[in-house]
Amino acid sequence: MARNSRFDTRISESELDDYRYRYYRELQSGSVRVKISDTTFRCPYCPSKDGRDYRCRELLQHASRVGRDSGSGDVKEKARHLALMKYLDKYLDTKQSPASTKDTESSTANDADGHFVWPWVGIIANIPVQRIDGRYVGESGTKIKEYLAAQGFNPSRVNPLWNHRGHSGFAIVEFDKDWPGFTNAIAFDKAFEADHRGKRDWKTAKRLGDKLYGWVAREDDYRSKSIFGEHLSKSWDLKTVEEIQAEDKRKTTKLVSNLTNVIEVKTMRLKEIESKYAETSISLSNVMSQKDAMHQAFNEEITKIQQQARDHFEKISLEHAKSTMQLEAQKKELEKREKELEKRKAQNESERRKIYNEKKMNMKATIEQKKADENVLRLAEDQRREKENLHKRIIELERKLDAKQALELEIERMRGALQVMKHMGENGDMDMKIKMDEIQEELKEKEEELDDLEALNQALVVKERKSNDELQEARKELISYFKGRSGRAFIAVKQMGDLDTKPFQKAMKRKYSEEEANEKALELCSLWEQNLTDSSWHPFKVITDKGNCKEIIDEEDERLKDLQNEYGDEVYMAVTDALKEMNEYNPSGRYVVSELWNFKEGQKATLREGVEDILKQWRLHKRKRT
């Protein structure tokens with residue numbers, strides 16, 4: 001807007017503050033008169049311009065407009081009005097007193113005559129526009145809204161009006177639909193009217209200049225054929241203040257009626273609750289009475305039971321004495337029968353032999369079982385020795401392979417020498433021919449020796465593969481057997497590359513509630529299980545340790561660093577442990593594999609350890625059965 005040039009500040013701040021302080025002290029001392037009566041005020045610094053009377057709020061708006069928004073270069077004028085604004089804020093009650101309230105109400109009543117455009121709107125006219133590329137353009141509604149808000153009118157929206165030529169130079173100012181919005185709209189209208197830039201001034205002015213004109217939209221604006229009249233008739237209504245007040249009264253009455261009904265319902269509900277409470281109290285009293293009666297009956301019953309127990313003990317004592325006498329009589333009877341049994345001893349000899357044979361058979365079965373146990377241990381030992389022999393055979397095979405390679409080199413050398421001698425033997429040297437025959441014979445022996453070594457090497461390779469297959473099959477059987485066992489046992493199956501979920505749960509409990517932490521931990525654990533199986537991700541680096549190359553975790557990997565920074569070292573260690581296990585036991589497939597594990601030693605279990613654990617469990621089970 002062209003009028004925005006009034007807002008540019010070219011005044012020295014220190015000079016302005018000095019003048020403002022000096023004029024403020026004059027107002028404090030009372031040397032300058034502002035208040036004419038209880039409801040009437042006058043600007044002491046504008047006697048020659050308009051010399052009009054203001055209400056307190058109007059004077060405060062006048063001082064703010066001149067002091068803050070004036071584009072004049074007169075420092076003293078701005079300082080006077082800023083000092084007046086500060087004085088009104090601090091020493092005069094800018095909120096309406098009872099007397100001024102009555103005056104405002106009567107003024108509002110006078111201002112509220114006739115129909116207004118509803119919801120409350122104002123009209124801004126004479127907005128400066130420029131013709132650019134064949135269309136008129138002007139300032140946006142946002143800048144106009146900021147300008148009006150700085151004046152204290154608090155518009156809710158400003159909509160510039162456009163037509164086929166571009167910006168029309170008019171804008172619709174929307175205010176809130178409540179009564180404070182109406183107050184702001186009336187203040188907007190009065191402020192422009194006080195500055196001689198109201199609706200009447202806009203219509204009668206011969207030259208509008210670059211000033212803005214504004215007023216509250218009423219019935220004549222609504223029904224006019226202008227661009228703002230057409231816009232208002234499409235989107236707004238006409239209502240009097242009395243109609244709006246009556247509508248608010250109807251809404252208030254309806255709200256009060258609804259609230260009254262709600263209170264009645266709540267009162268009835270409260271009475272029902274009180275009735276239920278009384279019934280519950282009576283029921284609880286009855287239950288407590290029954291409990292006391294039951295407690296008393298229980299005590300009486302306990303006393304009765306204790307008396308019966310004493311009587312029963314005395315009766316048992318008498319019966320015990322009687323039984324003792326009976327046992328003495330039975331003892332004598334048994335001694336008599338013993339003598340008769342001695343006589344029948346010869347008859348029972350065959351039965352004793354039968355029992356003896358059964359005992360002997362049982363001992364043999366025990367010995368056979370012991371031998372079976374020893375055979376199982378021996379089998380495990382044989383498998384261990386077979387594995388060691390297999391390693392020795394591999395070493396021997398490598399040694400013989402080296403010998404084979406040396407022999408092949410020797411044969412090639414001898415073949416080359418033989419070819420040389422053949423060329424030389426063409427001259428008919430007899431000694432050379434004899435030597436050539438000897439080398440050819442030796443070459444034949446070396447080739448036969450090489451064939452024997454190849455046959456032996458092939459046999460050892462086949463045997464080594466067969467032994468290794470047998471060992472792997474035996475290990476698979478042990479893994480299948482131990483799969484159902486708990487991880488608390490010394491020997492069990494461990495899933496190599498499986499993630500431990502406990503560190504994830506601990507990390508999530510530090511960030512979320514108990515219920516939400518479990519769900520978040522499962523989501524994070526599932527995400528990292530997918531990352532572990534991603535063959536394109538290889539967070540390892542190769543280092544040389546004492547001449548040997550080995551792979552270790554790459555601590556600079558971005559995923560692992562982000563994981564450690566966000567969730568801590570425990571989660572980081574769980575993921576890296578799973579990565580190491582998966583890289584060691586299944587680097588090509590990148591999925592979890594089962595392995596026989598010694599949890600006590602924290603290492604891979606041998607076949608012998610697995611077999612010994614099975615025998616131990618079998619013996620324990622056998623001992624329980626016997």
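Over the face of which residue does Arg131 lie? In this predicted model, where local features need pLDDT of at least 70, side-chain atom pairs count only at pLDDT 80 or more and totals for chains, interfaces and linings use all residues, Arg131 lies over the face of Tyr136, at 5.3 Å from the ring centre. Residues are numbered from 1 along each chain as its sequence is written, and side-chain values use heavy atoms, with hydrogens and water left out. A charge is taken to sit over a ring if NZ of Lys or CZ of Arg is within 6 Å of the ring centre and within 35 degrees of the ring normal. Lys520 is likewise placed over the face of Tyr512, at 5.5 Å from the ring centre.

Aromatic pairs (rings of Phe, Tyr and Trp, the last by its six-membered ring, with centres within 6.5 Å; planes under 30 degrees apart count as stacked, over 60 as edge-to-face and the rest as tilted) number 16 in a search of the whole structure. The pair of Phe170 and Trp202 is edge-to-face, because the ring centres are 5.8 Å apart and the planes stand at 85 degrees. This pair links distant parts of the chain, with Phe170 in strand E8 (residues 166-174) and Trp202 in helix H7 (residues 199-204), 32 residues apart. Helices (H or I, at least four residues) and strands (E, at least two) are DSSP runs, numbered from the N terminus. Phe170 is buried, at a relative accessible area of 16%; buried means under 20% relative accessible area, exposed over 50%, and partly exposed in between (1.4 Å probe, protein chains only). A single aromatic cluster is formed by Phe116, Trp118, Trp120, Trp179 and Phe182.

Salt bridges (a side-chain nitrogen of Lys or Arg within 4 Å of a carboxyl oxygen of Asp or Glu) number nine in the whole structure. Lys199, Asp220 and Asp221 are linked in a network of such bridges. Between Lys199 and Asp220, the closest N and O atoms are 2.2 Å apart; this pair joins helix H7 to helix H8 (residues 219-223) across 21 residues. Asp220 is partly exposed, with a relative accessible area of 43%. Asp221 meets Lys199 at 2.8 Å, N to O, and because Asp221 lies in H8 and Lys199 in H7, the pair ties together parts 22 residues apart in sequence. Both Asp221 and Lys199 are buried. A further salt bridge pairs Lys561 with Glu556, the closest N and O atoms being 3.5 Å apart. Lys561 is partly exposed, at 30%, whereas Glu556 is exposed, at 53%.
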